[in-house]
Amino acid sequence: MGEGVTDAGRPGIAVRDRPEGRLFVIGIDGLAPFIIDTMIEQGELPVFGRLQAEGCYGPLRTISPTNSSLLWTTIATGRHHRDHGVDHFRYYRLFGRRYSHFDLRKGPWVTKRLLRTARMLGFLRTTLFDNRHVREMPFWEVASHAGLRAGVVNWWHTWPAPPTDGFVVSDRLLYWRNLGDRDSSRLRSRLTYPEKLAQELRPLRCRPEDLTIGDLQRYVRLPEKELRRFTEAEYRANSLRGELHFFVAADRSCERFLDHSLDTYDDADLVAAYFRSPDLAQHCAFQHSAWAQERHSTPEEREQFGNVVVETYRDMDLMLGRLMERMGPEDGLIVVSDHGFTFVDERRGYCHRYGEPPGVIFAWGPQFREGAPIEAADVYDVAPTVVRLLGLPASQQFEGHCLEQVLAPRFIEEHPARVPVPGYGPRRPIRSGIRTPPGIEKEILEHLRGLGYLK
Ligand SMILES: [Zn+2]
């Protein structure tokens, strides 16, 4: 195998003054500032309202292409996609050469023609990006190499889970339903680190079929009989009927995974976790929400499905509230979304793929200023801010900067910034040779297709 856990205290980045308290970084896909603002104003998001009033809050500029796979890897590494290597959901191989999604869509005419023909004939090999393709260290790995304890739950491209001093609950754990309940041998596929964590988490997951009619009535207003059909529907991406119970269950599972990990690793210095339901709800039902134009939905549809989006925002509010109850007086929290949502035009409808709709960022805890707006922050600034809060030096290779504007004067005084290092050094290679089980690969592709990312 040849993999050590981590070289704790890698020269140059080793932690010198260990930060007080833990730092939580919660990623929530697709939170839009205009929805957050209205809902806070209406008193519908008490926890986000508290984060804003007691901490720092502002929009987070995003980058094009606003592709979640690329963006969450950028947020975690603070690097451009040409450096971290994840420029889309997947890449292609033809006759031993590697091609990106952009070669297929926007490359020279000859290349596009060649790739499309090859795809039609079935010669084009498709590979989904995973942890082995991420060339730069995500911030939890930097922390771990510096001698801190770090854990991550469900972040993009954390599978296969590499050995670490803390824990990794990989993003493939949520596709568990396709692994089959009886086939436990397949679970030995780096879904978590340590591997035994997967066995502990397994009984905790919320399966789509575990949701009750009452659970779903919060999101959609339909007679019980019709709702029952929702719960019995097979997974079908980008259709509310085929997806609602899957994404609601997924984020519930995720919270339980996070909870269990926090119980188990209560000495972690940094914990990052990723939730996704607001983005999926917006893809399925934004046109029925109060922020959509009336002509894009019938009054009946608005009545039935108008709450889907706001309810997922409320879910996130409740989830954060429960997490904050677990936090000690020294702990800090950053909440970040990778992009918002927008109306593009009649043909393309509502999405986030065009026009770079901004996401949001919140920072709360004794490390941060109180009631301060965050200005001119972008997705590249998250990783530099996280390492600064952990008392680690920035990398000169970062695209962005630490958001000094959010730091409390006392924190800056007690923890002066360290001299940046030229880089964090190479990532340890992750043992290759584990294949994505075919059922999972099929489901991920279907899922991405549903979001309109893949054809
Ligand atoms: Zn996203």
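Student: Where does P194 lie?
Tutor: P194 lies in the loop between β8 (192-193) and α8 (195-201). Keep in mind that we're looking at a predicted model.

Student: What kind of peptide bond runs from Y193 to P194?
Tutor: That bond is cis, and its omega is near -5 degrees. There's also a cis peptide bond joining S64 and P65, with omega about -5 degrees. P65 sits in the loop between β2 (56-61) and α3 (68-77).

Student: Now F95. Why is F95 called exposed?
Tutor: Set the value against the cut-off. Exposed means over 50% relative accessible area. F95 has 73%, so F95 counts as exposed. You'll find F95 in the loop between β3 (90-94) and β4 (97-99), and its phi is positive, about 45 degrees, although F95 is not a glycine.

Student: What makes H157 buried?
Tutor: Here the cut-off is under 20% relative accessible area. H157 comes in at 6%, so H157 is buried. H157 also has a positive phi, near 60 degrees, and is a residue other than glycine. Its place is in the loop between β6 (150-153) and β7 (167-169).

Student: Which residues form a positive surface patch?
Tutor: R105, K106, R116 and R119 form that patch. The elements giving two or more residues to the patch are α5 (101-106) and α6 (109-121).

Student: Let's zoom out. How many helices and strands does the protein have?
Tutor: The protein has 17 helices and 15 strands. Of its 455 residues, 60% count as buried, so each of those has under 20% relative accessible area. The protein exposes about 19,200 Å², and carbon and sulfur atoms supply 50% of that.

Methods
Residues are numbered from 1 along each chain as its sequence is written. This is a predicted model: local features need pLDDT of at least 70, side-chain atom pairs count only at pLDDT 80 or more; totals for chains, interfaces and linings use all residues. Side-chain values use heavy atoms; hydrogens and water are left out. Patches are made of residues with over 30% relative accessible area and no salt bridge: like charges are joined within 9 Å, nonpolar side chains (Val, Leu, Ile, Met, Phe, Trp, Tyr) within 5 Å. Accessible areas come from the Shrake-Rupley method with a 1.4 Å probe; for residues, only the protein chains shown count as cover. A salt bridge is a side-chain nitrogen of Lys or Arg within 4 Å of a carboxyl oxygen of Asp or Glu. Lys and Arg count as positive and Asp and Glu as negative; His and the chain ends are not counted. The place of a charge is taken as NZ of Lys, CZ of Arg, CG of Asp or CD of Glu. Helices (H or I, at least four residues) and strands (E, at least two) are DSSP runs, numbered from the N terminus. Buried means under 20% relative accessible area, exposed over 50%, partly exposed in between (1.4 Å probe, protein chains only).
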